[in-house]
Amino acid sequence: MSRPTEFITSDLLNSTMSSVIMSQQTTAVEPGGNPLIEIRNTLCITIFIVISFILCKGSYDCLRQWRLRLNVVIVGSGPVGLTAALISAYSKRVANIIVFEEKNRAQLFARPQQIALDSSSISFLKTLHVDFDNIEGCWQHDRFYTRIGIFQEYLLSKLERLEDANVQIKLGTKFTEDVANKLGSKEYRTLVVVADGVLGLSAGYLGLSDEFILQSCQSFGAVCALERLDVPQFPTPETRVNRLKLDLSAFGSEYRLPELSQAAFDLKIYGTFRHRYLALTCQKCESNLLRQLRITTDPTIMRNIFQESFNTYRTKGERKVSDMEALNTRCTQRLSEIKLSTRRESVIYIQDEDIVVVVEGDAARNLNFNLGFEVNVGFLGVQYLDSFLKQLVDADTEDRLLDALKYKSRWSQKINDDLIKYRMQDAMKMTKPRLNHRKTDALSKKSK
Ligand SMILES: Cc1cc2nc3c(=O)[nH]c(=O)nc-3n(C[C@H](O)[C@H](O)[C@H](O)COP(=O)(O)OP(=O)(O)OC[C@H]3O[C@@H](n4cnc5c(N)ncnc54)[C@H](O)[C@@H]3O)c2cc1C
């Protein structure tokens with residue numbers, strides 16, 4: 001595709017130059033004329049030709065730019081799918097964007113879980129002109145807490161206001177195998193971003209393998225959910241307690257010291273006062289206490305740990321969990337190994353239809369239980385997209401397309417590796433996340 005451009009450009013240049021030379025020759029041989037007028041004429045003709053050339057070249061480049069664009073199809077309007085739509089909408093290389101979402105607007109808005117956006121997500125979203133002053137939520141330190149339904153509604157209305165971007169949002173429309181079979185266009189290459197969540201099936205319709213790779217996060221964890229329907233659903237900051245020591249000697253001799261000192265737990269209390277979640281994690285280590293908590297068959301132990309932890313570290317003004325209420329909480333019975341499950345294939349190219357498919361968000365990677373930070377990993381996952389869109393548009397040879405696909409694969413791999421190495425622990429600690437923009441920028445520069 002770049003070769004014809006070079007030819008056309010140099011042809012135009014040659015014809016312009018020869019016109020200039022011809023006009024100069026013509027004026028030089030005319031006998032008896034006023035030399036000043038002849039010079040003026042020659043100058044006018046030259047200027048006219050140069051301006052015409054610049055205009056032609058400019059229009060040709062615009063035309064070429066306009067021609068080399070992409071169709072983007074997004075499956076799922078969760079926070080990750082809508083962010084991918086926003087990135088595409090701001091990209092100058094995208095012609096049309098279609099978002100498929102099986103839920104209707106009211107169902108999306110009603111999604112209850114709270115999400116906590118960390119500083120790296122906030123900086124990234126600000127580059128997409130997300131205005132946190134206009135989203136209902138609360139700040140604590142450098143994190144922003146809001147309900148997922150509110151955040152999605154904000155992104156939806158922002159997309160709807162971008163008139164130039166040509167975004168079509170199909171709410172209440174399920175992406176099915178039939179829809180998948182009709183994708184592709186003669187005009188442009190198509191990029192499909194599958195962000196249909198942890199239970200999504202759409203990647204399979206598009207030919208991606210359903211195989212997932214399970215990797216240990218070298219930690220154990222347990223979670224507990226407490227529902228208080230009598231409490232209003234306000235955005236609520238979370239509480240983190242690090243290096244928590246548990247004294248479970250009351251449960252029997254097998255839980256006694258001295259091993260107690262070896263296992264340090266991290267506790268997080270998150271979600272709103274209405275939908276409260278607790279996560280308890282501990283890094284792999286040789287500890288009798290840890291072993292006992294992994295094999296226990298007594299359902300009261302974990303429930304008791306969560307009840308005591310909540311009552312000790314609850315937010316000021318929040319009522320204690322009574323024994324009766326503790327019985328109604330949904331708790332995991334014992335500590336289990338925290339595992340990351342990642343899609344074996346996160347990108348494919350369908351040559352016949354010129355379609356590239358990528359998978360993002362919870363559909364691409366998820367943990368075996370929710371620890372309340374996953375949406376941030378989803379945002380990290382789509383930060384390559386702007387650069388990827390450009391690469392896909394410019395990929396006029398197989399090699400360049402392959403480079404773009406490799407870039408996406410490497411990006412996904414890095415997110416997965418970092419999640420195992422740092423993110424899981426970072427999510428439980430008081431400190432800032434270690435994977436920040438500098439690292440992701442470095443990766444994008446390297447791959448360029
Ligand atoms: C109870 C709970 C509490 C949580 N708490 C937190 C928290 O505190 N902090 C945090 O960071 N994360 C939290 N999470 C995780 C967070 O909600 C997810 O990480 C995040 O929603 C993932 O975003 P996503 O866009 O990848 O997928 P989703 O938000 O799951 O969105 C996927 C969308 O795709 C749609 N869809 C699916 N299939 C189709 C189809 N075939 N056609 C069209 N549309 C389709 C679905 O309707 C859905 O709207 C929590 C999750 C749960 C369940």
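Modeller: Start with helix α10 (residues 299-313), where I301, M302, R303, I305, F306, Q307, S309 and F310 are buried. Buried here is a count: 20 or more other C-beta atoms within 10 Å of the residue's own, with exposed at 12 or fewer, partly exposed in between, and C-beta atoms placed from the backbone. Helices (H or I, at least four residues) and strands (E, at least two) are DSSP runs, numbered from the N terminus.

Colleague: What kind of model is this, and how are residues numbered?
Modeller: This is a predicted model, in which local features need pLDDT of at least 70 and side-chain atom pairs count only at pLDDT 80 or more, while totals for chains, interfaces and linings use all residues. Numbering runs from 1 along each chain as its sequence is written.

Colleague: Back to α10. What do its buried residues pack against?
Modeller: They pack against β8 (212-227), β10, β11 (275-283), α11 (323-327) and β12 (330-331). Contact means that two C-beta atoms, placed from the backbone, lie within 7 Å.

Colleague: How far does α10 reach from its first C-alpha to its last?
Modeller: α10 has 15 residues and reaches 22 Å, close to the 21 Å expected at 1.5 Å a residue. The expected span is 1.5 Å times one less than the number of residues.

Colleague: Now the whole chain. How many helices and strands?
Modeller: There are 15 helices and 16 strands. The chain has 448 residues, of which 36% count as buried. Among contacts between residues at least 6 apart in sequence, 77% join residues at least 24 apart.

Colleague: How many residues are in the largest nonpolar core?
Modeller: That core has 103 residues, and I74, V194 and L278 have the most contacts inside it. Helix α14 (residues 398-428) gives the most to this core, with 9 residues. A nonpolar core is a set of buried Ala, Val, Leu, Ile, Met, Phe, Trp, Tyr and Cys residues joined through C-beta atoms within 7 Å.

Colleague: Why does this core lie between domain 2 and domain 3?
Modeller: Because domain 2 (70-211 + 344-419 + 436-447) and domain 3 (218-338) both give residues to it. The domain bounds come from an automatic or database domain assignment.

Colleague: And V194, what is it in contact with?
Modeller: Leaving aside neighbours within four places in sequence, V194 is in contact with V75, G200, S202, A203, L206, V357, V359, E360 and A363.

Colleague: Switching to the ligand. Which residues come nearest?
Modeller: Of the 35 residues around the ligand, those are G76, G78, V80, G197 and G361. A residue counts as near if its C-beta atom, placed from the backbone, lies within 6 Å of the molecule.

Colleague: Which elements supply at least two residues of that shell?
Modeller: α3 (79-90), β2 (94-101), β3 (114-117), β10 (265-271) and α12 (374-381) each do. Among these, α12 gives the most to the shell, with 4 residues.

Colleague: And by class?
Modeller: The shell has 13 nonpolar, 15 polar and 7 charged residues. Ala, Val, Leu, Ile, Met, Phe, Trp, Tyr, Cys and Pro count as nonpolar, Asp, Glu, Lys and Arg as charged, and the others, Gly among them, as polar.

Colleague: Is α3 mostly covered or mostly exposed?
Modeller: α3 is mostly covered, with 10 of its 12 residues buried. The buried residues include V80, which is also one of those nearest the ligand. From first C-alpha to last, α3 reaches 17 Å, close to the 16 Å expected.

Colleague: Which residue has a phi of about 65°?
Modeller: That is H129, where phi is positive although the residue is not a glycine. H129 sits in the loop between α5 (119-127) and β4. H141 also has a positive phi, near 50°, and lies in the loop between β4 (138-140) and β5 (143-147). Most residues other than glycine have a negative phi.

Colleague: Is H141 buried or exposed?
Modeller: H141 counts as exposed because it has 9 C-beta neighbours inside 10 Å.

Colleague: Last one: what does N166 touch?
Modeller: Not counting residues up to four places away in sequence, N166 touches A95, N96 and I97. N166 lies in the loop between α6 (148-161) and β6 (167-171), and counts as partly exposed, with 15 C-beta neighbours inside 10 Å.
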